[in-house]
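Hi,

Could you take a look at the structure below when you have a moment? My notes on it follow.

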Amino acid sequence: MRRIIGVSLIGLGTFLVAAGVLVRFYVAPMLIGAPTDIYQVTQLQAENATYLDASSVTVRTGATVVATATARGDVKAADDGTAVWDTTTVVQDLARGYTIDIQNARYAFDRRTGGLKNCCEAAVQGDKTVEMSGIGLFWPVEANKRDKRLFDTTTHQTWPAVFEGEERIDGRLTYRFVQHIPETKVAGDVPPLPAGLFGRPDGDPAVEAERHYRVDATYWIDPKTGSSVDQRRHLVTTLRPKEGPGSLVVADLNLRMTPESRKALRERADDGAGKIRLLEAVVPLTAAGAGLAAVVAGLLLTLPGGLRTSRRGTRRASS
């Protein structure tokens, strides 16, 4: 009977050790990654902002502008290795009740590395011909200190996000990445605008212009999960005439993440770190430890004289 119990314990212990190894090196890499069913709302706010009110063709200054970004996961379009997120960003002057811009994008990307994929009807402003590369909304799990290539939906290009050091945000250690997009002409039709907006005499013909865009952005990334926990973006959009002098700044927004959004992202990062710790450490070590204990107990019961020798040694010690 003792031998049967011993063999059973050895079998159970071997299974638990194997299960621990399997969870650590196979299950964890499969499960740890971007969620496919995400619903997340974040806000950035700019004080003393400048923008062009197209409804009255007036440049507004000193405004408070809020950019609200919503991300929703398309579970049906996702698979084990790919997540698909639909995003909408609405830029508004809430005090005037005016919507400055609405931006839409659909991202398909590797759930662990964040690398963008051109599949699953990925698009920018509904344009499915845009070729995406680098990373987008989701940064690699367990971020490292290497520079990244970050895709920009306005210029349709990737630009370097340079690692610039470690920094504590709200008491949390983060990796700080900085991205600079130089002034770049971007596609899109611009309606003819009054000459006076470009410093020309009001009687001059309407001006045909091109849109130029530049950004300086800073991202603070949680190194354990790759989650963004804070973000700042200073973006400037300028209209330049196709012919002749003049320019018009139509957006100058120094956007900072609101405290409420930072708190929500911090909580999401904590939740992700807990799941990673569970899959990479707690479950494997617990299973392996219990398995080894079961194997040792099984060997003591199975080996000839093992239990008897143990008892004899106990009697000698007590005498």
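**What I found**

Met 1 sits in the segment before helix H1 (2-31); helices here are DSSP runs of H or I with at least four residues, strands are DSSP runs of E with at least two, and both are numbered from the N terminus. Before going on, a word on the source: this is a predicted model, where local features need pLDDT of at least 70, side-chain atom pairs count only at pLDDT 80 or more, and totals for chains, interfaces and linings use all residues. Residues are numbered from 1 along each chain as its sequence is written, and side-chain values use heavy atoms, with hydrogens and water left out.

Back to Met 1: it is exposed, with a relative accessible area of 75% (exposed means over 50%, buried under 20%, partly exposed in between, with a 1.4 Å probe and protein chains only). Together with Ile 4 and Ile 5, Met 1 makes a nonpolar patch on the surface, with about 350 Å² of accessible area in total. A patch takes residues with over 30% relative accessible area and no salt bridge, joining nonpolar side chains (Val, Leu, Ile, Met, Phe, Trp, Tyr) within 5 Å and like charges within 9 Å. A salt bridge is a side-chain nitrogen of Lys or Arg within 4 Å of a carboxyl oxygen of Asp or Glu, and the areas come from the Shrake-Rupley method with a 1.4 Å probe, counting only the protein chains shown as cover for residues.

Now the sheet. It is open and has 11 strands, in the order S5-S4-S3-S2-S1-S11-S10-S9-S8-S7-S6, with antiparallel pairing. Strands S5 (123-124) and S6 (148-152) are the edges, each pairing on one side only. Two strands pair if DSSP finds at least two bridges between them.

Some pairs to look up:

- S9 (residues 209-221) and S10 (residues 228-241) are antiparallel over 13 bridges, and Asp 216 stands opposite His 234 in S10.
- S3 (residues 82-93) and S4 (residues 98-110) are antiparallel over 12 bridges. Asp 93 has Tyr 98 in S4 as its bridge partner. Their hairpin has 4 residues between the strands, and Gly 97 there takes a positive phi near 65°.
- S4 and S5 are antiparallel over 2 bridges, with Ala 123 in S5 as the bridge partner of Arg 106.

Cys 120 is partly exposed, at 26% relative accessible area.

Cheers
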